[in-house]
Amino acid sequence: MKRFFAILKKEFRQIRRDPLSLGLLVFVPAMLLSLYGYALSFDVKHIRIAVLDDDQTPESRSLQDSLFQNPYFDRIATITSPREGAGLLDHGRVRAVLAIPRGYARSLARGEAVNLQVLVDASDANTATTTIGYFDALSDRINRRVRFAALTHAGVTPALQGVVLEPRIWFNPELSSAKFLVPGLIGLLLMLSAVVATSLSIVREKERETMEQIMVSPIRPRELILGKLLPYVLICLVTMSMVLLLGYFLFGVTIRGSFLLLGLTTLLFLFAALGMGVLISTVTRTQQMAFQVAVLASMLPAIILSGFIFPIQNMPVAIQGITYLIIPRYFVEAIRGIILKNASFIDIWPQLLGLLILGLLFNLLATGRTRKTA
Amino acid sequence: MSRDPSEPVIETRDLSKVFGRFTAVDRVSFSIRRGEIFGFLGPNGAGKSTTIRMLCGLLSSSSGTAQVNGHDINREPELIREAIGYMSQKFSLYRDLTVAENIAFFGGIYGLQGARLRDRTATVMTLAGLTGQENHLTGTLSGALQQRLALGCAILHEPPILFLDEPTSGVDPVSRREFWDLIRGLSARGITILVTTHFMDEAEFCDRLGFINAGRLIALDTPARIKTTTGSATLEAAFIKLAT
């Protein structure tokens with residue numbers, strides 16, 4: 001224990017003497033959160049539209065009115081020929097062109113089918129799908145109104161409305177993607193700073209040969225590793241609080257669940273992430289190399305395989321298997337549950353177990369590799 | 001520890017270290033008595049550091065046996081670590097910590113605390129000539145002072161055995177001379193010292209020398225006897241005769 005405290009004290013002294021690194025550890029994640037939080041958004045709004053109205057009737061104008069009344073579509077241009085529309089699409093000035101054919105109002109009145117053409121730029125498939133969905137809803141609305149009018153005209157009072165969907169949106173009623181992304185970002189950023197900081201702090205000692213001086217002493221590997229990790233646990237907890245505060249102030253993400261459970265989850269996560277950092281430090285020799293390996297090994301899987309952006313259930317089975325080894329996979333899911341859904345221990349215990357197992361795995365590997373005799 | 005003073009404190013028999021196809025240390029056997037200053041002399045890459053690193057438990061041996069303070073290097077490395085001090089040419093101190101903080105740290109990892117730590121700190125500060133500079137950052141000290149502090153940190157826990165791996169490289173001649181005075185003082189107090197060097201003038205300060213070349217021990221005797229048996233005026237001449 002005395003030896004453990006010696007390492008701990010030394011580590012704090014070195015951190016205090018290097019405020020730049022400490023600042024980077026705490027403020028870079030905060031900065032990245034604000035940056036990513038604003039830039040990364042799946043919300044599809046203000047889709048730029050050009051309209052070709054060959055009908056020029058009150059009905060065709062009423063269609064356009066209902067289209068541009070909401071924030072999803074912006075009218076960029078009113079055009080007079082299909083070629084003009086193709087040009088606008090080619091240059092990316094608009095994402096879609098709506099063409100209302102001549103005779104639109106007449107056909108509607110006669111009860112004939114009308115083809116309403118929408119040209120959609122699908123180079124961004126996600127936005128395109130959403131755009132088509134919005135148009136689908138629009139045509140449904142028009143059809144209902146037309147049928148209702150026709151039936152009334154025929155003297156029938158339609159008592160039945162058919163199926164009326166009543167979605168009740170839980171956990172994120174505004175459907176804001178920030179609420180979904182912020183917990184994921186927390187996982188990503190914390191993973192990055194935890195793994196990089198620990199691997200660097202150990203490799204630095206190897207590079208400066210002070211590690212050798214420690215290795216000839218009677219200290220045990222676990223005293224050394226614990227003493228080096230504990231300060232970073234505290235720093236990462238500060239980073240976590242900082243990022244949560246920012247999430248609240250900038251993106252309105254409130255923590256609905258228990259702080260205690262959130263703390264426990266974070267500690268388990270740090271246990272695993274820091275263990276991975278130590279493991280990386282045992283296989284690298286220079287700080288530069290450790291930094292590169294740490295960034296690659298923490299950030300890439302955290303973005304791609306953690307379910308932070310891409311849902312895991314949509315991945316090929318083999319890739320889904322790999323995600324079981326990804327620390328943020330468990331952390332992101334657990335904190336999303338706690339922050340957005342007020343999840344209880346019962347709801348997220350599989351994630352906590354996953355973190356515990358990965359943590360044990362990485363730490364055992366790391367301690368095993370920190371043999372004192374090469 | 002009441003031991004026969006003539007009993008060897010360090011003893012190796014056919015100690016070897018092979019890295020892949022390269023034999024760094026080739027069947028080296030020697031023994032060092034209590035209080036002796038034993039010098040390992042040889043060119044860079046001859047196997048001096050590799051031998052020391054095996055004796056310190058930093059490196060495993062490939063074959064042969066070695067005992068340090070009565071403990072086998074492969075079976076009881078932890079008991080050996082309690083009994084040795086180690087200082088290498090890199091003066092492995094924390095340059096971003098103060099003198100006092102370095103001493104507190106190295107004292108700490110050897111389990112020193114309280115009155116004993118205070119007592120030893122004062123002794124080491126005097127020995128290293130650093131009294132009054134406790135709060136200076138180690139990185140701002142001169143090479144010679146860093147070297148003395150590194151030595152001080154290596155003997156904080158009063159080890160009976162001290163390994164010095166090229167302790168004087170990168171230090172000016174006057175400071176080297178003063179450093180050797182320190183070493184002789186430690187030896188006079190019964191500390192056994194194994195030191196490596198490639199400076200022939202320093203070799204004269206050793207009680208006994210081992211000449212090592214290409215991993216092999218090519219001579220093992222007192223400086224005077226090595227010179228007489230080879231009929232050389234200087235150790236350097238003797239070494240060249242033996243090595244070729």
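Does Arg148(B) count as buried or exposed, and at what relative accessibility? At 15% relative accessibility, Arg148(B) counts as buried, where buried means under 20% relative accessible area, exposed over 50% and partly exposed in between, with a 1.4 Å probe and protein chains only.

## Basis of the model

This is a predicted model, in which local features need pLDDT of at least 70, side-chain atom pairs count only at pLDDT 80 or more, and totals for chains, interfaces and linings use all residues. Residues are numbered from 1 along each chain as its sequence is written, chains are lettered from A and ligands numbered from 1 in the order in which they are written, and side-chain values use heavy atoms, with hydrogens and water left out.

## Arg148(B) and its surroundings

Arg148(B) is found in helix H5 of chain B. Helices (H or I, at least four residues) and strands (E, at least two) are DSSP runs, numbered from the N terminus. Leaving aside neighbours within four places in sequence, Arg148(B) is in contact with Leu127(B), Ala128(B), Gly129(B), Glu178(B) and Leu182(B); contact means heavy atoms within 4.5 Å.

## Helix H3 of chain B

Helix H3 (residues 99-109) of chain B has 9 of its 11 residues buried, so it is largely enclosed by the rest of the structure. Among the buried residues of H3(B) are Glu101(B), Asn102(B), Phe105(B) and Phe106(B). The cover over the buried residues of H3(B) includes H1 and helix H8 (210-215) of chain A, together with helix H4 (114-128) and H5 of chain B. After H3(B) comes Gly111(B), with a positive phi near 80°.

## Strand E6 of chain B

In E6(B), 5 of its 5 residues are buried. Ile84(B), Tyr86(B) and Ser88(B) point one way from the strand, while Gly85(B) and Met87(B) point the other way. In a regular strand the side chains alternate between the two faces of the sheet.

E6(B) pairs with strand E7 (residues 161-165) of chain B in the parallel sense, over 5 bridges; two strands pair if DSSP finds at least two bridges between them. Within E7(B), Phe163(B) is the bridge partner of Tyr86(B).

## Cavities

The count comes to 3 cavities of 30 Å³ or more. On a 1 Å grid over the protein atoms alone, a cavity is a set of points where a 1.4 Å probe fits but cannot get out, and lining residues have an atom within 4 Å of a point. Grid points are joined across faces, edges and corners, and a volume is the space filled by probe spheres set on the points.

The largest cavity holds about 70 Å³ of space. Its lining includes Gln213(A), Tyr86(B), Met87(B), Phe106(B) and Cys153(B). Strand E6 (84-88) and helix H5 (143-154) of chain B each supply at least two lining residues, and H5(B) gives the most, with 3 residues. The lining divides into 8 nonpolar, 2 polar and no charged residues. Here Ala, Val, Leu, Ile, Met, Phe, Trp, Tyr, Cys and Pro count as nonpolar, Asp, Glu, Lys and Arg as charged, and the others, Gly among them, as polar.

The second largest cavity holds about 50 Å³ of space. Residues lining the second largest cavity include Glu11(A), Arg204(A), Lys228(A) and Tyr94(B). Helix H1 (2-16) and helix H7 (177-207) of chain A are the elements that give two or more residues to this lining, and H7(A) gives the most, with 3 residues. By class, the lining has 1 nonpolar, 3 polar and 5 charged residues.

## An open sheet in each chain

In chain B, 4 strands form an open sheet in the order E2-E1-E4-E5, with antiparallel pairing. Strand E2 (22-33) and strand E5 (71-72) of chain B stand at the edges, each with a single partner strand, so one side of each is left without a neighbour in the sheet. Strand E1 (residues 8-19) and strand E4 (residues 63-68) of chain B pair over 5 bridges, and Ile10(B) has Val68(B) as its bridge partner in E4(B). Helix H1 (residues 48-55) of chain B lies across E1, E2 and E4 of chain B, at about 120° to E1(B). Axes are lines fitted to C-alpha atoms, for helices over the stretch in contact, and angles run from 0 to 180 degrees between N-to-C directions.

In chain A, 4 strands form an open sheet in the order E2-E1-E3-E4, and the pairing is mixed. Its edge strands are strand E2 (73-79) and strand E4 (117-120) of chain A, each pairing on one side only.

Definitions and conventions:
1 Å grid on protein atoms, 1.4 Å probe; cavity = no way out; pocket = protein on both sides within 12 Å on 5 of 7 lines; lining within 4 Å.
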